[in-house]
Amino acid sequence: VLLYLFPPASSQGPLLSECHYTIGCKMVMILFGNAYFSAGLEWLNTEGPLSFTRELAGKVVVLDFFTYCCINCIHILPDLHQLEKKHSVKDGLVIVGVHSAKFPNEKVLQNVQSAVLRYNITHPVVNDGDARLWHELEVACWPTLVLIGPKGNLLFSLVGEGHRERLALFTNTSLRHYRDQVLLSDHLVGTKLYRDSLPPSLLSFPGKVAVDSSRKRLAIADTGHHRVLVVSSIGLVLYSIGGPESGRKDGNLDEATFCSPQGIVIKGDTVFVADTENHLIRKIDLLEGQVSTLAGVGFQGTDMEGGAMGPQQPISSPWDLALGTAGGEEDNMLWVAMAGTHQIWALFLENGKLPKRSESKAGTCVRFAGSGNEENRNNAYPQKAGFAQPSGLAPAPEEPWGCLYVADSESSTVRSLALKDGAVKLLVGGERDPLNLFAFGDVDGKGVDAKLQHPLDVAWAPDQGLLYVADSYNHKIKVVDPKTRQCLVVAGTGEAGDVLGPGLTESSFNEPGGLCVGEGGRVLYVADTNNHHLKVLDLDTKTVSLFPISLEDAVDSAPTKSSGPCKVPKLPKSASRVKMPPLAVSPGQTVNLELVLSLPEGTKLTEDAPSFWTLSAEGNEWLVGNQVVTGDIQNLSQPLSIPAILPKVLKATEASPSLTLSVWVYCCLAGGGACMMKAASFTQPLQIGSTPRNGSVTVTLAHAF
């Protein structure tokens with residue numbers, strides 16, 4: 001309840017007068033900055049600590065009490081950004097984020113720093129780790145906004161999200177009133193953005209990762225760079241869509257933009273994306289080279305039922321996606337972890353039917369489970385169950401499982417959602433009180449005795465019947481056996497870090513936010529979010545390694561925006577470079593490149609470091625379909641045939657086009673010991689005639705290392 005106490009109209013006093021205001025039910029009167037910010041607090045984005053008697057004197061100050069795990073807190077950041085654009089520090093407005101942690105992990109300054117970067121917060125932030133100011137002003141929940149006058153006087157507070165217009169009204173009125181009273185100062189507040197001191201990185205806060213085993217490709221949500229990467233199994237970037245700045249645009253791959261994408265699914269030449277901060281679900285068609293919107297209207301929705309066609313259906317912060325089947329053809333719909341409304345939704349790609357529902361037409365987007373209340377409530381009726389910011393999904397449609405596993409981050413649980421009737425049950429974590437969202441920890445155990453801390457993703461390994469969990473705030477990867485409901489640590493020390501090995505539990509992570517299963521359950525790909533890495537857990541050898549990603553022109557904090565043709569890894573100086581004589585060909589013909597390689601005497605290919613080749617046509621990418629073609633080298637006993645089908649329609653070009661085949665070969669001494677990497681490239685100039693022809697032309701590319 002917000003109470004205003006002000007003089008009656010007859011007194012002609014201003015609405016925002018020097019009166020008492022309330023937070024909760026207790027009358028508070030704080031004037032002239034009495035101990036708002038205690039000494040010793042940690043500050044970000046400033047040159048030093050701020051005080052209401054110095055830097056903030058003569059300013060209208062908005063205090064944003066937030067904790068960085070909270071989706072509601074994330075939702076009001078656009079409101080604050082808009083306010084900052086309208087009113088500058090010279091105008092008299094200063095916004096200060098007051099970070100009051102929910103989880104122990106959120107009290108650590110380095111983790112708050114990562115959150116400030118991830119959410120592009122540029123105003124001052126103070127780490128109120130012990131919640132001193134929280135208790136002093138009797139703040140009760142996240143988010144809470146408190147407006148302070150230029151003399152340190154408390155004006156009013158707003159609790160929760162959805163107050164953009166009210167916040168703007170009160171701020172505008174305050175600035176106008178105090179400007180008329182000549183109480184505002186136009187001095188600047190010393191700022192020093194934390195992001196300006198960071199080194200560049202190829203990935204920036206990667207959110208989720210998905211694998212398409214049939215094509216040996218990975219899709220990565222490069223969240224901080226607002227883009228999606230599609231890479232080969234050896235890390236070559238095949239497509240980079242979006243970035244480096246946020247945006248909301250459909251169209252060609254080189255034009256489309258995203259805003260902090262999270263959930264991602266790849267199947268064949270189609271990538272589905274949860275475009276989280278745009279409140280959209282997008283589709284990337286790699287074959288057609290197009291990005292389109294499947295659901296959402298581009299701003300946060302409050303609808304908790306749905307049922308409209310996707311592009312007309314407002315949605316709220318979709319955080320993860322998973323393909324599923326419901327009353328129709330296989331993979332006829334997408335499951336959506338709708339973190340913003342604490343629900344699980346379904347987006348139908350083809351006609352289908354949810355349990356106990358009427359048929360849904362293709363394009364329909366509808367709520368399946370979750371009341372919309374932020375709770376840890378299990379129930380046999382899906383609409384009466386309660387989730388708390390569901391952030392990760394893993395379908396396990398096989399019997400006897402027949403469910404969708406959900407990483408429910410704010411309740412620190414993993415839940416199961418039955419596909420046959422929608423019943424919601426606890427798997428591990430949390431506690432039995434549905435209203436207690438503070439039952440977290442780091443404890444191996446069974447069912448409710450196991451404790452997690454803000455898990456953000458789950459991944460199902462059907463061959464083993466095991467569920468892997470990104471226990472994000474414990475900086476660990478855990479595994480759950482659904483039969484016994486036993487939860488155990490697989491990898492991670494429990495401390496934030498970036499150490500590889502020597503074993504799984506000696507390796508460290510920093511808030512891993514995404515994971516997927518590959519190689520038949522033998523490998524886990526982990527988006528190590530705050531370390532800006534993709535890591536590979538080999539469950540057979542019990543080792544952790546970095547997944548190498550090669551995009552030479554984009555290794556900086558503002559990567560080159562590109563789609564389609566991405567450059568191959570740079571050849572070492574020691575690589576052999578062979579230029580072949582020109583080859584006469586015709587449009588439409590196939591050029592068969594017969595690769596014949598010989599290793600040094602006494603060596604063999606290294607199994608643990610797969611050798612590979614790439615085929616490119618720099619400057620004439622249309623020759624190879626505007627992408628880098630790549631493949632593995634597993635056997636050198638016979639020539640390797642690599643076909644390149646020339647287009648039937650030629651493009652105008654000034655220079656003679658050519659194909660470049662590059663090879664990277666990893667070999668070791670046959671008896672063990674030293675290993676080495678060898679590289680070579682072959683450039684094949686083409687003399688392309690004007691008359692299209694069928695058939696093929698073969699050329700042999702031979703090299704002895």
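Buried, in these legends, means under 20% relative accessible area.

**Figure 1. The whole chain of this predicted model, as a starting point**. Welcome to the overview: of the 705 residues in the chain, 57% count as buried. Its secondary structure comes to four helices and 47 strands. Among contacts with a separation of 6 or more, 58% are made by residues 24 or more positions apart. The chain exposes about 29,000 Å², and carbon and sulfur atoms supply 51% of that area.

**Figure 2. A close-up of the largest nonpolar core**. Here we step inside a core of 36 residues. The residues with the most contacts within it are Val62, Leu80, Tyr119, Ile121, Val125 and Leu145. At least two core residues come from each of E4, H1, E5, helix H2 (109-118), E7, E8 and H4. H1 gives the largest share, with seven residues. As background, nonpolar side chains in soluble globular proteins tend to be buried together.

**Figure 3. Val62 and the residues it touches**. Leaving aside residues up to four places away in sequence, Val62 touches Leu80 and Leu83, along with Leu93, Val94, Ile95 and Val96. Leu145, Val146 and Leu147 are also touched by Val62, as is Thr171.

**Figure 4. A second, separate core**. This one has 28 residues, and Met580, Ala617, Ile642 and Leu659 are among them.

**Figure 5. Helix H4, residues 164-180, and its packing partners**. The buried residues of H4 are Leu167, Phe170, Thr171, Thr173, Ser174, Leu175, His177 and Tyr178. Look after the helix for Val182, whose phi is positive, near 55°.

**Figure 6. Gln486 in strand E33**. Our last stop is a residue within the strand that covers residues 486-491. Gln486 has 29% relative accessibility, so it counts as partly exposed, a class that lies between the buried limit of 20% and the exposed limit of 50%. Not counting residues up to four places away in sequence, Gln486 touches Gly445 and Lys446, as well as Val479, Val480 and Asp481. Val428 is 58 residues from Gln486 along the chain, and the C-alpha atoms of the two are separated by 7.8 Å.

Methods
Residues are numbered from 1 along each chain as its sequence is written. This is a predicted model: local features need pLDDT of at least 70, side-chain atom pairs count only at pLDDT 80 or more; totals for chains, interfaces and linings use all residues. Side-chain values use heavy atoms; hydrogens and water are left out. Buried means under 20% relative accessible area, exposed over 50%, partly exposed in between (1.4 Å probe, protein chains only). Contact means heavy atoms within 4.5 Å. The expected span of a helix is 1.5 Å times one less than its number of residues. A nonpolar core is a set of buried Ala, Val, Leu, Ile, Met, Phe, Trp, Tyr and Cys residues joined through side-chain atoms within 4.5 Å. Accessible areas come from the Shrake-Rupley method with a 1.4 Å probe; for residues, only the protein chains shown count as cover.
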